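Me: I have a new structure open and would like to learn how to read it. Could you take me through it feature by feature?

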There are 2 protein chains.
Amino acid sequence: MDESTQERILRVAAEMFARKGYHATGVAELGAAAGLQRGALYYHIKSKEDLLFDLSKRHVEEALARGREVLAKDLPPAAKLRALAREHLRTIAARCAEVTVVIREMHSLTGIRAKRLKELRDEYENLFAAVLREGAAQGVFASADRVVVLGVLGMFNWTHVWLDAERGPLSPDDIADRLTDLIIHGQLAPATAVPAPAAARQ
Amino acid sequence: MDESTQERILRVAAEMFARKGYHATGVAELGAAAGLQRGALYYHIKSKEDLLFDLSKRHVEEALARGREVLAKDLPPAAKLRALAREHLRTIAARCAEVTVVIREMHSLTGIRAKRLKELRDEYENLFAAVLREGAAQGVFASADRVVVLGVLGMFNWTHVWLDAERGPLSPDDIADRLTDLIIHGQLAPATAVPAPAAARQ
């Protein structure tokens with residue numbers, strides 16, 4: 001298979017799906033944007049849904065590979081969480097179209113493709129869960145509760161909505177560091193910090 | 001105007017846009033699902049985009065009204081943050097289709113409608129910013145930094161992706177409380193808590 005054509009199709013598809021939406025993008029205009037006749041396009045892809053799946057899968061697999069490298073390092077849990085956050089924000093900054101498409105259009109996948117992408121996303125989520133569990137096991141983190149895992153990952157995932165518009169002079173690493181500090185240390189000012197969450201409950 | 005027909009159209013539109021996507025939903029099938037002929041439908045709505053705008057606007061305005069009630073209360077900042085979070089999670093639990101549509105399809109709005117919805121969403125974001133600023137001014141919260149505001153709101157916004165599937169026996173209020181505790185107290189186990197975020201930096 002011609003790798004560079006395949007790559008070009010996936011890049012163009014990510015851009016168009018992000019700009020126009022997956023459902024509103026026609027295969028013919030996709031081919032035109034990639035500089036391919038309909039026949040040539042269908043030589044490379046089986047269907048529009050396959051294209052959505054292929055670009056989503058590739059994107060999540062790459063994020064997974066980088067995340068696994070972080071987990072394999074000999075670092076304390078807080079440092080691993082920070083490193084995972086930095087990789088996550090770097091990916092969002094560098095691959096904005098893919099991230100937008102995966103997050104906004106993943107519900108458009110059906111059957112086995114929906115299932116496989118869900119599995120990959122679960123594996124990615126598990127990286128964060130593993131670091132939080134490691135921290136809890138070492139007595140460093142208070143909890144690796146599922147709601148905490150989903151809350152932490154959600155905070156990072158949602159950055160795709162505002163990172164471009166709102167980061168100002170901050171780098172993706174700066175944003176990752178600030179959000180990691182928020183997760184690790186919370187919002188209480190030092191002077192008023194109390195050890196037990198229940199103490200500040202209403 | 002016949003309010004109940006209007007209400008029904010908005011409800012059906014939210015459900016169909018959430019299930020099929022805004023672009024993939026035709027006006028004819030929308031009318032059919034709402035039990036209206038094309039002519040009758042166009043008596044009530046000007047265009048599909050108007051429908052998306054109307055349901056998004058109504059939804060954000062309602063969330064804003066409830067949030068403003070919280071802010072007007074005589075409560076300490078941490079309690080206001082918790083109350084805002086509870087309102088937010090209750091809305092997501094009760095109005096899942098609208099929330100999904102606003103979040104997933106707001107980029108499909110154009111011109112003045114896009115601008116107006118952005119303003120409403122900014123006003124909603126400002127509720128969280130105001131509570132964090134109030135806390136920072138009182139010396140209770142460490143920061144009301146823009147990244148912190150966006151991070152906090154992002155954690156709550158992202159719950160729309162997982163709340164239904166993952167909350168198990170927890171109520172929306174339980175989830176709101178756990179996430180509020182995470183934001184306020186952070187993830188450090190009590191014994192290892194240190195006051196200054198910089199201390200744990202790598």
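**Reading the fold and the interface**

Reply: Gladly! In chain A, residues 24 or more positions apart account for 73% of the contacts with a separation of 6 or more, where contact means heavy atoms within 4.5 Å. Before we go on, some ground rules: this is a predicted model, in which local features need pLDDT of at least 70 and side-chain atom pairs count only at pLDDT 80 or more, while totals for chains, interfaces and linings use all residues. Residues are numbered from 1 along each chain as its sequence is written, chains are lettered from A and ligands numbered from 1 in the order in which they are written, and side-chain values use heavy atoms, with hydrogens and water left out.

Me: How many helices and strands does chain A have?

Reply: Helices (H or I, at least four residues) and strands (E, at least two) are DSSP runs, numbered from the N terminus. Chain A has 9 helices and 0 strands, so its elements read α-α-α-α-α-α-α-α-α from the N terminus on. The C-alpha atoms of chain A fill a box of roughly 65 × 35 × 35 Å along the principal axes.

Me: Which residues of chain A does the "DNA-binding region" annotation cover?

Reply: UniProt positions are given in the numbering used here, with feature names shortened, and annotations may be inferred rather than shown by experiment. Here an unreviewed UniProt entry places the "DNA-binding region" at residues 26–45 of chain A. Over residues 26–45, the chain is 70% helix and 0% strand, and the end C-alpha atoms are 14 Å apart.

Me: What should I look for in the interior?

Reply: In soluble globular proteins, nonpolar side chains tend to be buried together. Buried means under 20% relative accessible area, exposed over 50%, and partly exposed in between (1.4 Å probe, protein chains only). By that rule, 51% of the 202 residues of chain A count as buried. A nonpolar core is a set of buried Ala, Val, Leu, Ile, Met, Phe, Trp, Tyr and Cys residues joined through side-chain atoms within 4.5 Å. The largest one has 126 residues, and A:L81, A:V152, B:L81 and B:V152 have the most contacts inside it.

Me: Which residues is B:V152 in contact with, leaving aside its neighbours within four places in sequence?

Reply: From chain A, B:V152 meets A:M155 and A:L182. From chain B, its partners are B:L81, B:F128, B:L132 and B:I183.

Me: How do I read the interface between the two chains?

Reply: Start with the residues: 52 of chain A are in contact with 52 of chain B. Next comes buried area, the accessible area (1.4 Å probe) that two parts lose on being put together, summed over both. For chains A and B it is about 5000 Å², with carbon and sulfur atoms giving 64%. On the chain A side, A:W158, A:H185 and A:Q187 lose the most area to chain B, together 17% of what that side buries.

Me: How many salt bridges are there between chain A and chain B?

Reply: Side chains of opposite charge can pair when their charged atoms come close. A salt bridge is a side-chain nitrogen of Lys or Arg within 4 Å of a carboxyl oxygen of Asp or Glu. There are 4 between chain A and chain B. In one of them, B:D145 pairs with A:R178, with the closest N and O atoms 2.5 Å apart. Several helices of chain A, α5 (77–94), α6 (96–105), α7 (111–137), α8 (146–166) and α9 (172–185), each supply at least two residues of the side that touches chain B. The largest share of that side, 13 residues, comes from α8(A).

Me: Is B:R58 buried or exposed?

Reply: B:R58 counts as buried because its relative accessibility is 19%, whereas B:E7, at 36%, counts as partly exposed.
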